[in-house]
Amino acid sequence: MGDVLLALSIPVLVFASGIYAACDCWWRRRHPAPPSPYTHRAARLAEQDMLLLAGEIVDDAYAALGPLYDRPAARAPAAAVRPAALSPRSDATPDRVPSRPAPARKP
């Protein structure tokens with residue numbers, strides 16, 4: 001008798017799974033899920049909010065630290081003259097070309 005119950009349990013299990021799948025499909029069609037928050041429109045709105053927040057952070061930082069980077073009015077004409085210590089050497093390469101490697105020094 002045990003073999004008969006085991007043999008009949010497989011079709012009953014398959015039949016029960018089919019009934020469950022049909023009921024689940026019917027339930028989901030009658031009660032659709034709410035729209036996902038991860039749609040393209042939600043992503044665009046979140047990106048715009050993030051850009052506005054980043055802009056506010058940069059503006060606040062510039063308002064707080066901007067005076068540190070402003071040049072004093074008295075030093076502006078003197079800054080136009082290039083000091084001799086910063087003039088390029090005769091063997092210097094232009095800025096856009098990579099420099100040659102320095103020769104190896106012996107200790």
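A residue counts as exposed when its relative accessible area is over 50%, as buried when it is under 20%, and as partly exposed in between. With that in hand, here are some close-up views of this predicted model.

View 1. Welcome to the chain: 3 helices and 0 strands are found here, and from the N terminus on the elements run α-α-α. Of the 107 residues, 1% count as buried. The chain exposes about 11000 Å², and carbon and sulfur atoms supply 66% of that area.

View 2. The mean pLDDT of the chain is 80, and 76% of the residues reach 70 or more. Among the elements, H1 has the highest mean pLDDT, at 91. The lowest mean, 50, belongs to helix H3, which covers residues 76-80. Keep these values in mind as you look around the model.

**View 3. Arg 28 and Asp 24 meet in a salt bridge.** The structure holds 1 salt bridge, and here you can find it between the side chains of Arg 28 and Asp 24, at 3.4 Å from N to O. Both residues lie in helix H1 (residues 2-30). They are 4 residues apart, which is about one turn of the helix. Is Arg 28 buried or exposed? Its relative accessibility is 57%, so Arg 28 counts as exposed. Asp 24, at 27%, counts as partly exposed.

**View 4. Trp 26 and Trp 27 form an aromatic pair.** A search of the whole structure finds 1 aromatic pair. The ring centres of Trp 26 and Trp 27 are 6.5 Å apart and their planes stand at 50°, so the pair is tilted. Planes under 30 degrees apart would count as stacked, and planes over 60 as edge-to-face. How accessible are the two partners? Trp 26 is partly exposed, with a relative accessible area of 48%. Trp 27 is partly exposed too, and its relative accessible area is 48%.

**View 5. Cys 23 and Cys 25 are not joined.** The structure holds 0 disulfides. Cys 23 is in no disulfide, and the nearest cysteine sulfur to its own is that of Cys 25, 10.0 Å away. Cys 23 is partly exposed, with a relative accessible area of 47%. Cys 25 is also partly exposed, at 38%.

**View 6. Leu 65, Leu 68 and Tyr 69 make a nonpolar surface patch.** Which residues make up the nonpolar surface patch of about 400 Å²? Leu 65, Leu 68 and Tyr 69 build it together. Take a closer look at Leu 68, found in helix H2, which spans residues 40-69. Leu 68 has a relative accessible area of 66%, so this residue is exposed. A residue needs over 30% relative accessible area to be part of a patch, and Leu 68 has 66%.

Terms used: Residues are numbered from 1 along each chain as its sequence is written. Side-chain values use heavy atoms; hydrogens and water are left out. Patches are made of residues with over 30% relative accessible area and no salt bridge: like charges are joined within 9 Å, nonpolar side chains (Val, Leu, Ile, Met, Phe, Trp, Tyr) within 5 Å. Accessible areas come from the Shrake-Rupley method with a 1.4 Å probe; for residues, only the protein chains shown count as cover. A salt bridge is a side-chain nitrogen of Lys or Arg within 4 Å of a carboxyl oxygen of Asp or Glu. Helices (H or I, at least four residues) and strands (E, at least two) are DSSP runs, numbered from the N terminus. Buried means under 20% relative accessible area, exposed over 50%, partly exposed in between (1.4 Å probe, protein chains only). Rings of Phe, Tyr and Trp (its six-membered ring) pair if their centres lie within 6.5 Å; planes under 30 degrees apart count as stacked, over 60 as edge-to-face and the rest as tilted. A disulfide is a pair of cysteine sulfur atoms within 2.5 Å. pLDDT is the predictor's confidence in each residue, from 0 to 100.
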